[in-house]
Amino acid sequence: MLNEKSELVLRDYLSQHPELKVVSTDSVIGFISGLLACSEFYGESEIANYIADKNDPIYTQLMTSSAEHDAMITLLDNVTEAQVAQQHILASIYPHGKDAKEPSEQLQQWCVGYLAAYMVNQEVWQHDFNFLLSADKQVVENQADGQLFIDNFEATLNLLATFAMWPDSLKEHPEPAVLSEGFALLYTGLDESLTGIASMALMLEDEKLALWEEEG
């Protein structure tokens with residue numbers, strides 16, 4: 001699903017800059033995934049800003065013609081195509097066996113990036129939640145659909161945080177062995193939920209475009 005050359009270019013670039021808070025391509029890909037799972041477009045400037053973290057020279061390099069810029073855009077395109085096709089992104093990029101008891105380090109980093117992206121588009125999602133609830137009131141037979149999605153969305157954020165901070169999650173869980181034993185099921189559920197969120201974001205984007213066109 002992801003262009004291996006682009007991953008390598010970005011990985012090498014990050015390794016050359018240990019001063020950056022973003023330590024892996026996995027967190028960048030997670031950030032891109034979370035950024036795109038939103039009804040409003042966020043592009044390369046947000047990704048470059050996430051990586052650079054107020055480091056102006058690095059931000060400039062990522063935003064101008066360079067191998068690193070091309071790699072970033074290619075990965076952005078890869079994730080966009082996957083979400084439009086409603087691919088299960090975790091199964092595609094971070095497959096885990098049915099006997100797995102914990103998320104890989106790569107998946108943990110991906111979750112960190114996704115959560116960081118949610119902080120960027122949180123306000124948009126809150127607006128969309130209000131839109132969904134308002135739509136429910138207009139269509140009686142769908143009254144619970146909007147709230148059900150919101151509840152699932154919030155549960156997904158909690159699960160992402162659990163995976164992102166897995167060692168701490170085990171320490172804080174009253175029965176850590178039960179959490180470990182249930183990881184594979186949680187992993188599958190998370191992948192399903194993330195696919196649903198990305199699909200909803202695309203639907204909401206279409207709804208907004210239709211409304212704007214009606215309003216002229």
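User: Where is Ser33 found?

Analyst: Ser33 sits in helix 2. The model is a predicted one.

User: Is Ser33 buried or exposed?

Analyst: A residue counts as buried when its relative accessible area is under 20%. Ser33 has a relative accessible area of 1%, so Ser33 is buried.

User: Which residues is Ser33 in contact with, leaving aside its neighbours within four places in sequence?

Analyst: With those neighbours left aside, Ser33 is in contact with Val79, Gln83, Ile89, Trp110 and Tyr114.

User: How many of the twelve residues of helix 2 are buried?

Analyst: Twelve of the twelve are buried, so helix 2 is largely enclosed by the rest of the structure. Among them are Thr25, Asp26, Phe31, Ser33 and Leu36.

User: What span should helix 2 have, and how far apart are its end C-alpha atoms?

Analyst: At 1.5 Å a residue, the twelve residues should span 16 Å, and the end C-alpha atoms of helix 2 are 16 Å apart, which agrees. Helix 1, residues 4-15, also has twelve residues. From its first C-alpha to its last, helix 1 reaches 16 Å, close to the 16 Å expected.

User: Which residues of helix 1 are buried?

Analyst: The general idea first. An α-helix has 3.6 residues a turn, so residues three or four places apart point the same way. In helix 1, the buried residues are Ser6, Glu7, Leu10, Tyr13 and Leu14. They cover an arc of only 130° around the axis, which puts them on the same side of helix 1.

User: Which residues are exposed on the other side of helix 1?

Analyst: Glu4, Lys5 and Ser15 are exposed there.

User: What does a side-chain oxygen of Asn3 reach at the start of helix 1?

Analyst: That oxygen of Asn3 comes to within 3.1 Å of the backbone nitrogen of Lys5.

User: How is a pair of packed helices described?

Analyst: Two packed helices are described by the angle between their axes and the distance between the axes. In this model, the axes of helix 3 and helix 4 come within 9 Å and cross at roughly 145°. The crossing of helix 3 and helix 4 is right-handed.

User: Which residues meet where helix 3 and helix 4 pack?

Analyst: From helix 3, Glu44, Ser45, Ala48, Asn49, Ile51 and Ala52 meet Ile58, Tyr59, Leu62 and Met63 in helix 4.

User: What phi does Asp53 have, and where is its place?

Analyst: Asp53 has a positive phi of about 50°, although Asp53 is not a glycine. Its place is in the loop between helix 3 and helix 4. Lys54 lies in that loop. Lys54 has a positive phi of about 75° and is not a glycine.

User: Where is the place of Glu207, and what does Glu207 count as at 35% relative accessibility?

Analyst: Glu207 has its place in helix 11, residues 183-215. At 35% relative accessibility, Glu207 counts as partly exposed. Glu207 and Gly196 are eleven residues apart along the chain, and their C-alpha atoms are separated by 16 Å.

Technical notes:
Residues are numbered from 1 along each chain as its sequence is written. This is a predicted model: local features need pLDDT of at least 70, side-chain atom pairs count only at pLDDT 80 or more; totals for chains, interfaces and linings use all residues. Side-chain values use heavy atoms; hydrogens and water are left out. Helices (H or I, at least four residues) and strands (E, at least two) are DSSP runs, numbered from the N terminus. The expected span of a helix is 1.5 Å times one less than its number of residues. Buried means under 20% relative accessible area, exposed over 50%, partly exposed in between (1.4 Å probe, protein chains only). The arc is that of the directions from the helix axis to the C-beta atoms. A polar contact is a pair of N or O atoms within 3.5 Å; within protein, one must be able to donate a hydrogen and the other to accept it, and residues adjacent in sequence count only if both atoms are side-chain atoms. Axes are lines fitted to C-alpha atoms, for helices over the stretch in contact, and angles run from 0 to 180 degrees between N-to-C directions. A crossing is left-handed if the near helix is turned anticlockwise from the far one by less than a right angle, and right-handed if clockwise. Contact means heavy atoms within 4.5 Å.
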